[in-house]
Amino acid sequence: MSTEQHEADAYGQELARISHYQHEATEARFTVFQALAAVGIGHEEADDIVSKLEAGAVAGAHTWISESSAPHGSEQRFEDGWHAGVRDVASYLLRIADTTAATGRGRAASSAMLVAHLQQPASPAPQEAPAPDPGPAPALDARDVLAAAERFRWALAAPGERHWPDGAFLDVALSAVRTEERQGYIERLEVFVEQHRARLEELLRAYGPGSRPASRGRYALIGQPETLVILERMETNPFGLRSQWEKEMEDVLLDDLEFAWGPRIRLSR
């Protein structure tokens, strides 16, 4: 086995383990929200509690990294490089802890909605006269949506650093826009992007082209204009987006974006 193949296999095993922990964390968070709701804790307070726990876990990793040291007997140049790397990683973990503590709003409410949906019994179709046809829903013009997304240049990578000019990802994202949401969707998208400006800027900086996480070929969707639509759908209609995505695209691309964004409901396995 070549060195490159061995490294690729090892990295794949790391990703599998990380995915396992992420899945377990999602289930644990869901259980915590249910338990807090059962004892009368409101959604906002529950979000604060869970965000503080998650930020504390990141802070623990920061402490562990900061206290690590180079192997005993290392040359001075190696030790200098080691400590410089530790400082970089520790600073990055601190930013993650800050972001984790400040975000996460709405997750408890989403959890409650999901529980209510899962517990709702199936009801037989009512024997009523069909409702009158309201007529065709307004179509979404992908070109208009893309043009609106392009206006938010601070959230996008430079044109030369983009990867997906064929529009397939935009088509999949727009297919997750419900019929009743099509009217005024561009305005809805613009409001979403403006409301999440700081978060989008941090996403581009931390995971976009040229970042260390992107150097291995992952997080390829970040910085694309159509990704603004994907993120809006990830927050608004995560189940619909995932369902449409799995019909057309590789899951790993959406999984990477979901991990970096940290949506209210995480659906990656």
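This is a predicted model: local features need pLDDT of at least 70, side-chain atom pairs count only at pLDDT 80 or more; totals for chains, interfaces and linings use all residues.
Residues are numbered from 1 along each chain as its sequence is written. Local features need pLDDT of at least 70 and side-chain atom pairs pLDDT 80 or more, while totals for linings use all residues.

**Exercise 1.** Describe how helices α5 and α9 pack.

Step 1. Locate the helices (DSSP runs of H or I, at least four residues, numbered from the N terminus). Helix α5 covers residues 142–150 and helix α9 covers residues 225–236.

Step 2. Read the geometry, with axes fitted to C-alpha atoms over the stretch in contact and angles from 0 to 180 degrees between N-to-C directions. The angle is about 100° and the axes lie 8 Å apart. Angles of 65 to 115 degrees count as roughly perpendicular, so α5 and α9 are roughly perpendicular to each other.

Step 3. List the contacts (heavy atoms within 4.5 Å). From α5, Val145, Leu146, Ala149 and Glu150 meet Pro225, Glu226, Leu228 and Val229 of α9.

**Exercise 2.** Which residues line the largest cavity?

Step 1. Define a cavity: on a 1 Å grid over the protein atoms alone, a set of points where a 1.4 Å probe fits but cannot get out; lining residues have an atom within 4 Å of a point.

Step 2. Find the volume, the space filled by probe spheres set on the points. The whole structure holds 2 cavities of 30 Å³ or more, and the largest has about 50 Å³.

Step 3. Name the lining: Ala155, Leu200, Leu203, Ile222, Gly223, Gln224, Thr227, Leu228 and Leu231. Helix α9 gives the most, with 3 residues.

Technical notes. Side-chain values use heavy atoms; hydrogens and water are left out. Helices (H or I, at least four residues) and strands (E, at least two) are DSSP runs, numbered from the N terminus. Angles under 35 degrees count as roughly parallel, over 145 as roughly antiparallel, 65 to 115 as roughly perpendicular and the rest as oblique. On a 1 Å grid over the protein atoms alone, a cavity is a set of points where a 1.4 Å probe fits but cannot get out, and a pocket is an open set with protein on both sides within 12 Å along at least five of seven lines; lining residues have an atom within 4 Å of a point.
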